Amino acid sequence: MRHDPIALMLFAAGFGTRMKHLTAHQPKPLVKVAGGALIDHALALAHEVNAAPIVANLHYLPHMLELHLAGIDVHTIREDPQILDTGGGLRNALPHLGTDPVFTLNSDAVWAGPNPLDLLMQAWDPSKMDALLICVPKARVRGRKGKADFEIDPLGRLHRGDETVYGGAQIMKTDLLETVSEQAFSLNVIWNKMADKGRLFGLSYPGHWCDVGHPGGIVEAEAMLERF
């Protein structure tokens with residue numbers, strides 16, 4: 001089945017403080033894994049599904065990302081002076097993304113397996129879903145410490161729990177963003193509203209996934225890519 005292009009928001013504004021010395025002089029999306037910058041790994045997923053337009057939000061050392069992305073069909077938005085978090089950043093980008101459902105993709109994870117955006121596109125059902133999140137079972141998660149984020153019920157709906165980790169890729173409707181009064185806020189605020197209506201869904205990822213939010217995640221991600 002052919003699909004019209006879906007807009008994609010690429011989150012690239014964070015400070016990357018867990019990366020310590022690796023982000024002292026560069027933003028986290030430029031940290032290299034397996035010979036390529038994290039943001040390039042994310043863009044490869046976006047280009048495979050012909051996502052368009054692609055918008056990236058920037059805040060920490062934005063000029064370096066602007067230079068890296070020059071000549072690539074990615075629209076960049078500087079968040080200044082305040083970083084807006086995921087919800088605020090997505091709402092700020094809506095004039096460039098349009099009003100249809102959009103992909104959002106974090107730039108600090110590496111995937112080994114099917115393209116998560118393609119899986120989302122195939123499973124998306126706007127008649128019953130306000131958001132569909134890729135969630136990774138804990139057994140296939142690397143680089144992540146602490147509790148998981150969600151559990152998926154037999155109908156595919158998401159609830160807070162400790163079974164699966166949100167992988168940083170989703171497709172979602174954006175109308176609820178306008179219901180939040182704060183300028184900077186997390187997408188968790190929106191997900192909670194959707195969950196209360198039974199319209200927050202999850203899709204279990206069949207491959208492997210690594211959080212590259214800290215230096216050790218680089219080693220784990222490269223080993224994962226070599227193995228899978």
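A residue counts as buried under 20% relative accessible area, as exposed over 50%, and as partly exposed in between. F15, at 40% relative accessibility, is therefore partly exposed. Y60 has 18% and so counts as buried. The model is a predicted one.

**Aromatic pairs**

The structure holds five aromatic pairs. Two of them are listed here.

| Pair | Distance of centres | Angle of planes | Class |
|---|---|---|---|
| F15 and Y60 | 5.9 Å | 50 degrees | tilted |
| W111 and Y205 | 4.9 Å | 80 degrees | edge-to-face |

W111 is buried at a relative accessible area of 11%, and Y205 is buried at 0%. Ring pairs also bring in W209, which forms a cluster with W111 and Y205.

**Helix contact**

Helix α1 (residues 38-48) and helix α2 (residues 62-69) have axes that come within 12 Å and cross at roughly 50 degrees. This angle makes α1 oblique to α2. Their crossing is right-handed. On the α1 side the contact involves I39, D40 and L43, which meet L65, H68 and L69 of α2. By class, four of the residues in this contact are nonpolar, one is polar and one is charged.

Notes
Residues are numbered from 1 along each chain as its sequence is written. This is a predicted model: local features need pLDDT of at least 70, side-chain atom pairs count only at pLDDT 80 or more; totals for chains, interfaces and linings use all residues. Side-chain values use heavy atoms; hydrogens and water are left out. Axes are lines fitted to C-alpha atoms, for helices over the stretch in contact, and angles run from 0 to 180 degrees between N-to-C directions. Helices (H or I, at least four residues) and strands (E, at least two) are DSSP runs, numbered from the N terminus. Angles under 35 degrees count as roughly parallel, over 145 as roughly antiparallel, 65 to 115 as roughly perpendicular and the rest as oblique. A crossing is left-handed if the near helix is turned anticlockwise from the far one by less than a right angle, and right-handed if clockwise. Contact means heavy atoms within 4.5 Å. Ala, Val, Leu, Ile, Met, Phe, Trp, Tyr, Cys and Pro count as nonpolar, Asp, Glu, Lys and Arg as charged, and the others, Gly among them, as polar. Rings of Phe, Tyr and Trp (its six-membered ring) pair if their centres lie within 6.5 Å; planes under 30 degrees apart count as stacked, over 60 as edge-to-face and the rest as tilted. Buried means under 20% relative accessible area, exposed over 50%, partly exposed in between (1.4 Å probe, protein chains only).
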